[in-house]
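Hi everyone, thanks for making time.

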Amino acid sequence: MLKIHNFLNKHKKSGLLIGLLFLASVIFLASRITLEEDVTSLIPSGERQDILKKVLAQTEFSDKIIVAISTTSEESNPDELTQYAQKFIDSVNTQIPEFVKNIQGKVPEEGIREVYDFVYNNLPLFLNETDYKAIETRLGKDSIQNRLKENYKSLISPAGLVTKEYVFKDPLSITYLGLKKLEELQVGDDFELYNNYLITKDQKHLLLFLSPSLPASETDKNSLFVKKLQEIQANLDQEFKGVKGEFFGGVLYSVANANQIKKDIKITIGIALGILLILLVFYYRKIYVPLLIFVPSIIGGITAIAFLYLLKGSISAISIGIGAILLGISIDYALHILTHYRNNSDLSQLYKDVTTPVLMSSATTAIAFLCLLFVHSEALNDLGIFAAVSVMVSSIFSLILIPLFYKAPKFVAANKSTFIDKISAIDFHKKKALVIFMILLFLGGLFFFTKVEFNNDLSAINYQPAGIKQVEENIENIAGRAAKSIYLVSYGNSTDQALDYNNSLYNELNNLRNKGEITNFSSIGGVVLSTSTQLGKMEQWQSFWTRDKREQIQANLIEESAEFGFKPESFDNFYQLLSKDFKPIDLKDYRTTTNLYLDDFISSGSNFSTVTTSVDIKEKDISAVLKKFQGDEHLVVVDRKQINQSFLGNLKNDFNKLIAYSIIAVFLVLLFSYRSLELTILTLFPILITWVIALGIMAVLNIEFNILNIIISTFIFGLGLDYSIFITNAFLKEYEFGSEVLKTYRTSILLSVITTLLGIGALFFAKHPALQSISLVSIIGVISAVFTAFILQGFLFEALFLKRIDKGLPAFNFKRILTPSKNAIKKDKLYFKAEVYDNYRYKSIFSEVKKEFETDRERYLKLAGFIEQKENVLHFYSGFGILPIYLSYKKPGNKIVGFEPDINRNQIADNCFAAKSGNLTFTDDISELTEEYQVFLVSETPLLSFEKELNAMLTKQAKKVIILDAEYSYRWILDLNFEIIYRQNEVVVLQKME
C-alpha cells in the first residue's frame, strides 16, 4: 500500500485521472441498475416458496379500502346512509379518480337485471345436486298451483311492473336457485341490499369497497390519496350530522409506517449525525475529517451496486435499505487509519501498523457477509454480495485516500488529550472487578442464550397508530368474519386449469361448511367454472329435463295457470329454456357481467393463473382445517400467521446455518492469516462470548428476534469481528515489540462504537417498532462486543502472552501443553530449536526466524563449541537476537549481550522471554556496552559510526573473535596477535595468542 501511496503522491494528476475514471465508471453502471421493490424477495426460495412468491406477486389480498358509513344514533336511518354513500362515491369520482380503480358496494338497477339475465341464459352452470332436488319438489301439480298463486299476487301488486318479466320467463323460480350461488361471492349473510347499497341487517351501517389504483408500496402518492379521502370524509361528516364515515385498509398502515420511518430517521439520524460531526471535528481538529471518513464508504457502496449490475442487472431495494447501515462498519476502517495517523505521522510505520488488521478485518467481514448466499432468500443474497463488495472496497480506498488527504500533525504532543483518549488509556483488562463481572455475565448468558424467541409475526414490527387501529377494530365489528378470513389460492398454467382446481376446492369447502368445520367461504367455484365442469353441468341439465318431463311440466303449467287467467303461450320462454342447447362460455363472457367483480378472485399472468377463495374459520379450527389441504399440489394457503411461521421460521433456521457457516469461514481466514491455531481461537472466541452475552441479555430483557433485527445481527457480528481482530493485532504488536500501542487501537475502536451507537443506537428513540427493534439489538450487540474485546480478550492475551514473557516463560501454545518443555530439552540438547522458536512464535518475523535458524543452526552449534563457561559474549549486529537466544540456552552460565543498531530489530529481540532470564540482554546504544567481554561475535561489517568503538573494544578486551560475515576484513585483528583456529562454513574463529 505504501508503494501505491508514493506513486499517487508523485503522480497526482495521473492518480486523480484514474480515480475520476473509476468513479465515473461505477456511478454510470450503478445508475443503470434496476431496483426490485418486491417484499416477497425476503421469502426463502424453494419449490413451494417460489409458488407462494408467484401467488403473492399476482394476487392482491389487502389492497382494498373498506369504507364504513354508520349512524351515530340508536335509531337506524338507512336513507341517510345511502345519501352519504352516494355523495362519497361522487366526491371520489370527481376529486381523486386517478387513485381509485373502482368502488364496490352499490348495485344499480340495470346491474341487477344484468346479473339475472346472465344466470338465466346460462342456468345449468349455476345449479347443483341440491338444486335439482329442490326443482323436483316444484314439479308436482300442488306445488305448481301454489307457486302460480304467489306469482299472480305479485303481478297484481304495485311491484308487478318489475316482476312481470321474471314471472313469465321462470314461473317456477328456478333462476333464483342459481342466483343464490352469487351470494357465495360475499363472505357472510349479515348484509342486505337497500336502495341498491350493501347495508347491515340492522340498517345502521353501510359498506363500500375502494380498489386503489396504486399498490401499497407507493407510499408517497398514497399519502396524498389518504389525505384527500380524509378531507372528503370530514366534509361529509359535517354535512350529515347523524352519520359518520370512517375507512380502513392496508394502504393506511403502509402510509403511516412510511411516514413514521421518515420522521424517525430524520429526527434521530439528524441529531446523531450532528453530534457525530461535532465529535469528529473536535477529536481530529480538522473540519474536513467527517467528510473524508465517509468518502471511502460511499465509493464502496456505489462500487457494490455497479458490481451487482454487472452480475445480475438488478438489486432488491430492501437490500439497499438494510445495506445503508453498512456505513457503521465501513467507516471504521477510515477511523482506525485516521487514529493511527494522528498519533504517528510516519507513513511507513502507519502502513505497517494498519494495513494487515484493516485488510484482515474487511476480508473476514466480507466473507461473513458472503455466507448470506447460503440463505435461500434473493434479497439476502443481494445483501450479502452488496455488503461484501462495499466493505472490501471501502477498506482499500480508506488505506489509499486517508493518508493522501489527511494532514497529520507533525508532533504528537500538539494533540490535546480528549475524553476519548482518557478512556482509551484505561487498561480495562487489568481491572479485576470488570473481568469478574464479564465472566459472570458470560456464565449467566450460558443459561439464557438459547431462550431468545424468534417473533415471526410481521405485525409486531409494524407501526400501528392508535387511531387507525381503532378504525380497523370498528370495521372488523361491522364486517364481522370477513376480517378474519384466510385465503386458499388454486393455481395452474392456464386460467381454465386454475378454475378446474378451484371447482374441486369449492366442493370440498361445501362439505366442510356443512360439517361445521368452517363458518363460511367466498368463492367463484359455484359461478365461474372450467370448461370440463361446464360440460358436466350441461349434461346433468339435459339428463334431468327429459322429453317426457318437459312435456309433463308444460301440460301441468297450462292446466293450472288457466285458473288465474294465464294464456297457454304465457310461459313459452320457460319451455324454450328447458329445451335449450346450452354452450360452454369462457372467462370473457363472465366478465361482460360487470357486477360480478371477478377480478377480485381471478388473476392471470404469463403461463400462470390463480383463483382465490376467502374462507372464514374460527381461530381454534385453523390448524386442523389447513392440514386437510397440505397435500394439495395445486393449492397455496395464504394466511399471514401461517406464512410467517413456516417461511420466516425457515429463514430463522437458515440464519442458524449462516452463523455456523460464518464461523467456519472466518475461522479458516484467520487461520490462513495468522498461521496459528492459538491466535485464531483467541480472536474468534470473543465473538462467541459476545453472542452468548448479547443473547443472554436479550433473553432476560425479553427482546425477541424478528426478520429485521436478525439480519442486523450479521452486521453486529462483523463489527465484533473487527474489534476482536484489532485487539489481537494490538496485543501482538506489544508482544512483539514491547511498545504500548493498545491505547491507539482502543481509541479507534471507541470512535467506531460511538459512531455506531450514534447512528443505529439513536433509532432507540424512534417510535417505529422496527427501528426500535434494530436499535436495541445493535446497542446490546455493540456494547457486548466492545466490552468483551476490551476486558475478556485483553485479559486472556495479558495472561497468556504478556505476563508469561515478564516471567521468562514462552507464550501459550498447544504444542507446549502436549509436549512439556523438559521432554523437549531431552530430545534436543544440541539446537534447542523449540525453545528458540517459542521466543518468536506469533510474531511477524517468525517464518523469517525459522528459515534463518534452519540455515545457520550448524554454524551456531560449531561456534558455541569455542565459547567456554563464564565467558562474557558480545554479539555485534545481533539482528532479531536468534544467535544470542540460542547461546543463552546452550551456555546458560555465560552472560550474553546482543547489540543491534536497528531499533525495531532490537525491540523484537529484547522483548523475547529469554531476555528476561538475567544472562541475556539486548541494546541499540553502543555506549551501554560498559562491561568486559571475552568473546566477540561479528555478524556484519560495522558501519563507520560504530567501527571505531568496536575496534577499541576488541583491542582491549577480546580473547576470541568469531566472524560470521564472509565480507568482513579481519586482517587488522591478526595484527593484534590473534591467530585463526577455525575457518569453515563461513565461520572464522580468531583467538588471542598468549
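So, how far does helix α29 reach from its first C-alpha to its last? Before I answer, keep in mind that this is a predicted model. Okay: α29 runs over residues 742–759, which makes 18 residues, and it reaches 26 Å. That's close to the 26 Å expected at 1.5 Å a residue.

Is α29 mostly covered or mostly open? Mostly covered: 14 of its 18 residues are buried.

Now let's talk about charges. How many salt bridges does a search of the whole structure find? The search comes back with 14. I'll pick out some of them.

Start with Arg-841, which pairs with Asp-838. Their closest N and O atoms are 3.1 Å apart. Both Arg-841 and Asp-838 are buried.

Next up is Glu-931, in a salt bridge with Lys-895, and here the closest N and O atoms sit 4.0 Å apart. What does this pair tie together? Glu-931 is in the loop between β16 (920–923) and β17 (935–938), while Lys-895 is in the loop between α35 (882–890) and β15 (896–899), so the bridge links parts that are 36 residues apart in sequence. As for cover, Glu-931 is partly exposed with a relative accessible area of 35%, and Lys-895 also counts as partly exposed, at 23%.

Salt bridges that share partners join Asp-427, Lys-430 and Arg-746 into one network. Within it, Asp-427 bridges to Lys-430, with the closest N and O atoms 3.7 Å apart. Asp-427 is partly exposed at 27% relative accessibility, and Lys-430 is partly exposed at 49%.

Last topic: backbone angles. Which way does phi go at Arg-675, positive or negative? Positive: phi of Arg-675 is near 55 degrees, and this is a residue other than glycine. You'll find Arg-675 in the loop between α26 (640–674) and α27 (677–700). Arg-675 is exposed, with a relative accessible area of 61%.

Asn-985 is another residue other than glycine with a positive phi, near 50 degrees. Where does Asn-985 lie? In the loop between β19 (978–984) and β20 (987–992). Asn-985 is exposed too, at 53% relative accessible area.

That's my tour, so over to you for comments.

Note on methods:
Residues are numbered from 1 along each chain as its sequence is written. This is a predicted model: local features need pLDDT of at least 70, side-chain atom pairs count only at pLDDT 80 or more; totals for chains, interfaces and linings use all residues. Side-chain values use heavy atoms; hydrogens and water are left out. Helices (H or I, at least four residues) and strands (E, at least two) are DSSP runs, numbered from the N terminus. The expected span of a helix is 1.5 Å times one less than its number of residues. Buried means under 20% relative accessible area, exposed over 50%, partly exposed in between (1.4 Å probe, protein chains only). A salt bridge is a side-chain nitrogen of Lys or Arg within 4 Å of a carboxyl oxygen of Asp or Glu.
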